[in-house]
Amino acid sequence: WADLVEDADVDALLLESVGYECLLQVVQRCRDHITTQTEAQRDLEEKFQQQRAFQLEDDAQEQAWVLSLCGGRPESSATKGPAAEVTAMRCLIYFHHIRSPAKRSAIVRWAGELRLGGYSKIGYPGVVVVEGDQEDVKEYIRRLQLLRWKQMVVRGEECEKIAVEPRGCAAAAVDGRRKFPCGFEEFGPEGMSALADACRRAGLTELFLTCMKIYPKAK
């Protein structure tokens, strides 16, 4: 009981009286202390629930807003006509964080719509690495920039010009030079090492290092 109330209060009671009456007063002090602590805990829980409700409402509004951005955008260059040359582009985008379920969904969805391959790493920091037709990658970046981010910056990019054979398809030409597997994969908050391994296997270690502002020396 003495741990539940101030030591000074207990000492004062012991000096004032001894025996049964003192014990009753100590018990009452303990009860008062427990009641105060319980009320304080209840207040904290109510505030937490209120903040959680506000957060859920904000998330729902953000999700609706993100979904509204998904329509009416230019289609992937895969559906466009033939060309003599096409440019493949790979880029790494750095974010302060990626947490919002709506934004995470948009990152994956838009990559699929634009036929981009790559990865995202959520949490702190957030990282997205993608490759595809240059026009599609630029459109992807443009869409992401429409969202609200604390920080979003393209830290690394590389481009590769590819000749398209006569009667060939530009999309097929890009597909033939892809370094990442087809599709888009999301890594969790602890997935930085997995992302580094994926870039290493693809021969894109230098591109990955740009997320830490480590850039290749000029040749």
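This briefing walks through the fold of one protein chain, from its overall layout to a few single residues.

The model is predicted: local features need pLDDT of at least 70, side-chain atom pairs count only at pLDDT 80 or more, and totals for chains, interfaces and linings use all residues. Residues are numbered from 1 along each chain as its sequence is written, and side-chain values use heavy atoms, with hydrogens and water left out.

**Overall layout**

- The chain has 7 helices and 5 strands. Helices (H or I, at least four residues) and strands (E, at least two) are DSSP runs, numbered from the N terminus.
- Along the sequence, the pattern reads α-α-β-α-β-β-α-β-α-β-α-α.
- The chain holds 219 residues, and 37% of them are buried. Buried means under 20% relative accessible area, exposed means over 50%, and partly exposed lies in between (1.4 Å probe, protein chains only).
- Take the contacts between residues at least 6 apart in sequence: 80% of them join residues at least 24 apart. Contact means heavy atoms within 4.5 Å.

**The sheet**

- An open sheet is built from 5 strands in the order E4-E1-E3-E2-E5, with mixed pairing. Two strands pair if DSSP finds at least two bridges between them.
- Strand E4 (152–163) and strand E5 (184–187) are the edge strands, and each pairs on one side only.
- From one strand to the next, the twist averages 10°.
- Helix H3 packs on this sheet and touches E2, E3 and E5. The direction of H3 makes about 160° with that of E5. Such angles run from 0 to 180 degrees between N-to-C directions, and axes are lines fitted to C-alpha atoms, for helices over the stretch in contact.
- Strand E1 (residues 85–95) pairs with E4 in the antiparallel sense, over 11 bridges. Tyrosine 94 stands opposite valine 153 in E4.
- In general, strands of a sheet pair through backbone hydrogen bonds, either parallel or antiparallel.

**Two helices side by side**

- H3 and helix H4 (residues 134–145) pack at an angle of about 155°, and their axes are 10 Å apart.
- H3 and H4 are therefore roughly antiparallel. The cut-offs are under 35 degrees for roughly parallel, over 145 for roughly antiparallel, 65 to 115 for roughly perpendicular, and oblique for the rest.
- Ile107, Trp110, Ala111 and Glu113 in H3 meet Tyr140, Arg143 and Leu144 in H4.
- Those contact residues divide into 5 nonpolar, no polar and 2 charged. Ala, Val, Leu, Ile, Met, Phe, Trp, Tyr, Cys and Pro count as nonpolar, Asp, Glu, Lys and Arg as charged, and the others, Gly among them, as polar.

**A buried tyrosine**

- Tyrosine 119 lies in strand E2. Its relative accessibility is 7%, so tyrosine 119 counts as buried.
- Tyrosine 119 and glutamate 185 are 66 residues apart in sequence, but 4.8 Å apart in space, C-alpha to C-alpha.
- Beyond its neighbours within four places in sequence, tyrosine 119 is in contact with residues including Val128, Phe180, Phe184 and Leu195.

**Backbone exceptions**

- Most residues other than glycine have a negative phi, and most peptide bonds are trans.
- The peptide bond from tyrosine 124 to proline 125 is cis, with omega near -15°. Proline 125 sits in the loop between strand E2 (117–121) and strand E3 (126–133).
- Arginine 115 has a positive phi, near 55°. Arginine 115 is in the loop between helix H3 (101–113) and E2, and is partly exposed at 34% relative accessible area.
- Lysine 213 also has a positive phi, near 60°. Lysine 213 is in the segment after helix H7 (205–209), and counts as exposed at 56% relative accessibility.
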